[in-house]
Amino acid sequence: MTARPDLAELLDALDPQADLAQRHLWLIQLLGWVRGRHASVPHAVARVNLLLDTLQQRPEVRARLQAWWLKLLGTVDATSLLADYGFSSRSAFTSELTERLRLKWLPGTPETTDASSLFSLVLCQPFDARWLNALEEATLTRLAELLQADCAQMTDGICAWVPQIGPSRVTPWQATLLEALTFCTGQIRATGFSPELRLRMSTPALETAPFHALDSDVIALQTAFLVDPEHPSAARQAALQQVLNRLEACRQAAASVYAHLDSNGISVNLVFQLRQLRSRVLRVRTLLDCLMSGRPHRHTVQLFAHLVLVGQERRSVRALIAANSSMLAAKVAERSSETGEHYITRTRAEYIQMLRDAAGGGAVMSVTTLLKFVVLSMGLSAFWGGFYAGLNYALSFVLIQLMHWTVATKQPAMTAPAMAAKLKDLGAPGAIASFVDEVAHLVRSQVAAIFGNLALVAPAVLLISTGLWLVFGAPMIDAAVANHVLDDLTLLGPTALFAALTGVLLFASSIIAGWTENWFVLHRLDSAIRYNPKITAVLGQAKAERWASFMRHSISGLAANVSLGLMLGLVPAFAAFFGLGLEVRHVTLSTGQLAAAAASLGTDILRQGPFWWCVAGIAITAALNVGVSFYFAFLLALRAHNVSGVDRRRIYQAIRHRIRTRLGSFFWPASTPEQPKDVANG
């Protein structure tokens with residue numbers, strides 16, 4: 001490892017006439033020396049002061065450093081750094097994701113005239129923001145005096161965009177700030193004029209037209225500043241206040257878009273643009289502080305510290321996804337919560353209806369089991385076998401939806417957001433008892449759904465197998481396949497792992513369902529079906545109206561059912577391609593397969609241990625299907641609803657009390673309405 005040079009060696013190596021890469025490498029080494037080996041803020045601040053003291057004692061080195069600084073200002077464009085660093089040049093979320101991956105994986109080079117690229121190499125650690133903010137006012141004043149050399153000749157061309165003023169007494173740094181203001185406000189205006197935002201802004205925001213006048217306000221402020229940069233005037237203060245008011249109006253106009261997105265669906269790309277616009281407004285305010293405040297040096301170093309942190313975040317893929325998908329996650333959780341309320345039974349009538357709906361779903365799944373074995377008997381390749389198996393599952397789930405029946409394992413991912421939403425108000429009187437009641441309702445509903453599914457799928461499969469025996473002289477599957485089913489479903493194998501994987505797929509299908517419904521609403525496809533002339537010409541107005549209403553209310557379920565079915569069929573096929581022996585274990589399908597094996601092997605199977613290990617495996621499969629999907633959906637809903645600080649001890653205490661005193665309420669509804677008592681509150 002090469003030893004780091006000390007300060008004397010660094011100063012001796014300073015050469016303003018060196019080539020571009022060497023000059024920038026010297027700066028990188030200097031900042032590495034300031035950080036030191038232990039990343040201590042006091043040590044870094046002390047080294048900055050040592051550098052200034054040394055330069056004060058060595059005038060020739062000080063002169064070389066000033067010449068090097070002038071060379072840097074003449075070759076590197078700092079405008080893009082101040083105005084655009086940390087922002088995306090692309091308006092689409094996907095393009096920005098690709099760009100961040102490029103920045104994360106590809107190394108940068110110091111041989112560049114782009115100040116942003118150089119900045120990311122020089123101030124490349126979060127620690128840099130800490131020691132920059134720790135610099136004292138006296139140190140900042142000394143730094144400013146060191147770097148403010150006589151370079152008025154560099155500002156004449158920079159200020160040429162204000163012809164009525166001409167050359168001014170601004171420093172190169174002030175001229176760069178003025179140009180950065182123009183650049184950044186131009187980006188704000190461009191974003192504000194984009195059709196995607198204008199169509200979703202509120203009417204008052206459009207009527208005030210804040211983005212139209214922003215450019216002229218900034219030019220008026222720059223003109224007032226160039227009249228006398230050193231002494232603020234009343235005209236300059238008035239122009240500054242006008243720009244700040246206009247920026248606030250632009251921010252409020254952009255914020256009005258969120259109300260539209262909340263009621264009409266979330267777009268990740270739109271959220272991305274809105275966040276960019278808000279951050280640019282804040283950047284303009286920071287640039288104004290650096291240019292016109294009473295403490296420009298302090299604001300400048302704070303700007304650089306902020307740019308350090310922005311640069312770190314600019315490379316973070318996780319930060320991009322978290323920042324821009326939080327609203328989408330909230331909307332998905334909200335829509336799942338609305339759907340999940342229908343799966344929670346609270347009365348005896350609703351409970352009995354859930355049993356009936358689940359029984360209907362179990363009957364359909366018995367036919368699904370038959371078709372699954374038909375697909376397996378065809379000897380197709382892994383992909384096509386998985387595809388047709390997934391198609392079989394998907395069509396079965398869709399049929400169950402259209403018949404208004406239910407499949408138990410699809411409920412947890414929908415009911416979890418509804419439960420999480422109730423955690424936001426636990427501080428209210430009686431809220432703990434009410435939440436425990438909801439837990440009891442949920443468990444009861446899941447028990448009813450699973451019991452209804454399994455109570456009918458097994459006898460229905462036995463009936464189908466018996467019918468096949470009477471017609472064709474053979475059961476649904478032969479003895480070899482039946483023994484293979486016993487080997488697959490036994491608890492002694494990887495059944496628990498596969499059941500947990502299926503729970504993840506169940507959760508994923510709920511995410512796909514929420515995203516699809518949000519996309520459908522965002523693009524107003526129900527309105528398009530209802531009113532589009534080409535569609536109404538084919539369907540007729542009345543039929544188009546019915547289709548629009550059906551799709552609006554069914555799109556979430558259709559997306560969940562189709563995606564879940566295809567994932568159950570194709571995930572094992574894709575896993576096999578990569579050499580992963582993963583399979584799925586869906587409790588209702590597994591029960592149907594075990595019933596088919598029992599029909600093939602006869603009643604003697606009831607006296608064999610492998611059969612009962614499979615029964616135990618089905619019990620574990622049910623628990624993991626429901627538990628895993630509910631767990632992930634519940635976590636997502638907690639984050640989406642910003643639920644934190646939940647007193648889990650009180651909740652657990654209340655649930656344990658319910659189990660001790662009214663265990664039956666988790667399995668069967670009371671005949672009379674329950675009068676909850678908040679045990680946790682005494």
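What percentage of the 682 residues in the protein chain do buried residues make up? They make up 47%, where buried means under 20% relative accessible area, exposed means over 50%, and partly exposed is in between (1.4 Å probe, protein chains only).

## Before we dig in

This is a predicted model, so local features need pLDDT of at least 70 and side-chain atom pairs count only at pLDDT 80 or more, while totals for chains, interfaces and linings use all residues. Residues are numbered from 1 along each chain as its sequence is written, and side-chain values use heavy atoms, with hydrogens and water left out.

## The whole chain

Let's start with the big picture. The protein chain has 30 helices and 0 strands. Both kinds of element are DSSP runs numbered from the N terminus: helices are H or I with at least four residues, and strands are E with at least two.

Now for contacts, meaning heavy atoms within 4.5 Å. Take those between residues at least 6 apart in sequence: 81% of them join residues at least 24 apart.

Two packed helices are described by the angle between their axes and the distance between the axes. Here, helix α19 (residues 348-377) packs with helix α22 (residues 431-472) at about 35°, and their axes are 6 Å apart. The axes are lines fitted to C-alpha atoms, for helices over the stretch in contact, and angles run from 0 to 180 degrees between N-to-C directions.

The crossing of α19 and α22 is right-handed. That word applies if the near helix is turned clockwise from the far one by less than a right angle, and left-handed applies if it is turned anticlockwise. By class, the contact of α19 with α22 has 18 nonpolar, 8 polar and 1 charged residues. Nonpolar covers Ala, Val, Leu, Ile, Met, Phe, Trp, Tyr, Cys and Pro; charged covers Asp, Glu, Lys and Arg; the others, Gly among them, are polar.

## Residues inside helices

Have a look at Gln-276 in helix α16 (residues 268-292). Gln-276 counts as buried because its relative accessibility is 14%. Leaving aside residues up to four places away in sequence, Gln-276 touches Gly-86, Phe-87 and Ser-88.

Leu-320, in helix α18 (residues 317-340), is buried too, at 2% relative accessibility. Pro-204 sits in helix α13 (residues 203-208) and is exposed, because its relative accessible area is 53%. The C-alpha atoms of Pro-204 and Ala-253, 49 residues apart along the chain, are separated by 8.3 Å.

## Positive phi in the loops

Most residues other than glycine have a negative phi. Ala-209 has a positive phi, near 50°, and is found in the loop between α13 and α14 (210-227). With 21% relative accessibility, Ala-209 counts as partly exposed.

His-404 also has a positive phi, of about 60°. His-404 lies in the loop between α20 (382-402) and α21 (412-421), and it is exposed, with a relative accessible area of 64%.

## Cysteines

How many disulfides does a search of the whole structure find? The search finds 0, where a disulfide is a pair of cysteine sulfur atoms within 2.5 Å. Cys-184 is buried, at 0% relative accessibility, whereas Cys-124 is partly exposed, at 32%.
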